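Me: I am new to this structure and would like to go through it step by step. Could you begin with the terms I need and then turn to the residues?

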Amino acid sequence: MTDSTATTTDLDIRLEKHRTELTGYCYRMLGSSFEAEDAVQDTMVRAWRSYDKFEGRSSLRSWLYRIATNVCLDMLTAGNKRARPMDLSESTPLAQAALSPRPDHTWLEPMPDNRVLPTVEDPAEAAVAKETVRLAFMAALQQLPPKQRAVLILREVLAWKASEVAELLDTSVASVNSALQRARATLAEREQQGADAAVSDPLDEDQQKLLDRYVKAFEGYDMTALTALLHEDAIMTMPPFDLWLTGHDDITGFMTTLGSACEGSRLIPVQVNGLPGFAQYKPDPEKGGYTPWSIQVLEISDGRLTGFHFFLDTQRWFPLFGVPLHLEAEADEVEEGV
């Protein structure tokens with residue numbers, strides 16, 4: 001191995017050490033799983049190509065964040081704000097429910113925890129990291145202008161000093177503090193409009209029992225049992241459709257009418273956006289077994305499910321979460337003719 005090859009390999013290793021945290025940063029900035037990974041890849045390529053110009057006045061980590069920030073700000077110049085269905089329209093009564101899709105770039109996208117949450121030893125730090133990729137917080141971030149978004153993430157999530165953020169953004173400390181104040185005010189306003197999910201890390205015993213009951217109720221398609229688990233103001237969304245429903249009556253009513261094909265589904269646990277979730281498979285009448293239907297993300301508060309969100313683009317989401325695109329029927333189901 002030549003010296004230049006060894007140096008290149010060493011640089012690759014040093015850059016890769018930062019991939020997960022950079023993906024988390026770009027995901028918070030962009031609200032898109034795939035755009036975040038593209039942004040990080042662009043960051044790595046730019047860093048690799050211009051490393052000979054890196055003068056070492058800052059750490060390699062700070063330099064990478066500077067590049068990643070510029071990449072994200074460039075991507076956000078189109079002004080697109082990713083959102084959840086309830087950020088765009090009023091709740092639809094079940095009697096008027098219609099499945100109208102919007103383009104992919106409309107929606108805030110789900111993300112597996114292991115792609116954006118680096119392993120840290122401090123439980124408090126890990127808990128903060130999870131809280132700041134949850135759907136409600138992510139949706140609030142998307143309402144901020146891009147530079148305010150960057151300031152808030154760097155200061156509040158990553159705990160950078162104001163002077164460090166000012167240097168990264170080529171601005172003054174006063175400007176950073178002003179942007180942070182405005183961003184905090186916007187987020188505080190949104191918090192008053194609806195509480196975020198209250199999920200322990202790890203799940204406490206009661207929350208785990210709630211999830212177990214949910215799996216049993218959903219797989220058994222027991223609407224009475226499911227109703228008992230739902231908060232009276234629970235929300236259900238199904239991107240890419242802009243429809244969203246609120247209240248257990250409309251939710252269970254939808255599941256037994258327009259959503260009745262989900263009866264007999266199977267759920268596989270996934271870790272998504274710092275929240276419990278499942279890969280949902282519904283029965284496949286053509287091939288047998290089960291076909292992918294959605295990545296579910298569950299929000300829990302006060303011992304009830306306050307939100308469950310079904311992301312339906314399975315050809316994109318299931319490979320991202322590392323779950324199979326088909327489930328075989330279990331032996332006892334085949335014997336019973338299920």
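Reply: A helix here is a DSSP run (H or I) of at least four residues, and helices are numbered from the N terminus. The model is a predicted one. With that in hand, C26 is found in helix α2.

Me: Is C26 buried or exposed?

Reply: C26 is buried, because its relative accessible area is 0% and buried means under 20%.

Me: Which residues does C26 touch, leaving out those up to four places away in sequence?

Reply: C26 touches G31, A36, A39, V40, A68 and C72.

Me: How many disulfides does the structure hold?

Reply: The structure holds 0 disulfides. C26 is in no disulfide, and the nearest cysteine sulfur, that of C72, is 3.5 Å away. A disulfide needs the two sulfur atoms within 2.5 Å.

Me: And C262, buried or exposed?

Reply: C262 counts as buried, because its relative accessibility is 9%.

Me: Back to α2, please. How are packed helices described?

Reply: Two packed helices are described by the angle between their axes and the distance between the axes.

Me: What are those values for α2 and α3?

Reply: Helix α2 covers residues 19–30 and helix α3 covers residues 33–49. They pack at an angle of about 130°, with their axes 8 Å apart. That makes α2 oblique to α3.

Me: What about α2 and α4?

Reply: Helix α4 spans residues 60–75, and its axis comes within 10 Å of the axis of α2, with a crossing of roughly 25°. That makes α2 roughly parallel to α4, since angles under 35 degrees count as roughly parallel. The crossing of α2 past α4 is right-handed.

Me: Which residues make up that contact?

Reply: E21, L22, Y25, C26, M29 and L30 in α2 meet R61, L64, Y65, A68, T69, C72, L73 and M75 in α4. By class, there are 11 nonpolar, 1 polar and 2 charged residues.

Me: How do α3 and α15 cross?

Reply: Helix α15 is formed by residues 314–321. The axes of α3 and α15 come within 11 Å and cross at roughly 55°, so the two helices are oblique to each other. S33, F34 and E37 in α3 meet R316, W317 and L320 in α15. This contact has 3 nonpolar, 1 polar and 2 charged residues.

Me: A change of topic: how far is C26 from T92?

Reply: C26 and T92 are 66 residues apart in sequence and 33 Å apart in space, C-alpha to C-alpha.

Me: Where does T92 lie, and what does it touch?

Reply: T92 lies in the loop between α5 (85–88) and α6 (113–116). T92 is buried, with a relative accessible area of 18%. Not counting residues up to four places away in sequence, T92 touches A97, L243, W244, L245 and D250.

Me: How far is Q208 from P276?

Reply: They are 68 residues apart in sequence, and Q208 is 9.5 Å from P276 in space, C-alpha to C-alpha. Q208 is found in helix α12, residues 205–219. Q208 is partly exposed, with a relative accessible area of 35%.

Me: What should I know in general about the backbone?

Reply: Most residues other than glycine have a negative phi, and most peptide bonds are trans.

Me: Which peptide bond is cis here?

Reply: A cis peptide bond joins P239 and P240, with omega about 20°. P240 has its place in the loop between β1 (230–238) and β2 (241–246).

Me: What is the phi of D170, and of D302?

Reply: D170 has a positive phi of about 55° although it is not a glycine. D170 lies in the loop between α10 (162–169) and α11 (173–193). D302 has a positive phi of about 55° and is not a glycine either. D302 is found in the loop between β5 (290–301) and β6 (304–311).

Me: Are these residues buried or exposed?

Reply: D170 is exposed, with a relative accessible area of 65%. D302 counts as exposed because its relative accessibility is 74%, and exposed means over 50%.

Notes. Residues numbered from 1 in each chain as written. Predicted model: local features only at pLDDT ≥ 70, side-chain atom pairs only at ≥ 80, totals over all residues. Heavy atoms only, no water. Buried < 20%, exposed > 50% of the residue type's maximum accessible area, 1.4 Å probe, protein only. Axes fitted to C-alpha atoms, helices over the stretch in contact; angles between N-to-C directions. Parallel < 35°, antiparallel > 145°, perpendicular 65-115°, else oblique. Contact = heavy atoms within 4.5 Å. Nonpolar A, V, L, I, M, F, W, Y, C, P; charged D, E, K, R; others polar. Left-handed = near helix turned anticlockwise from the far one by under 90°.
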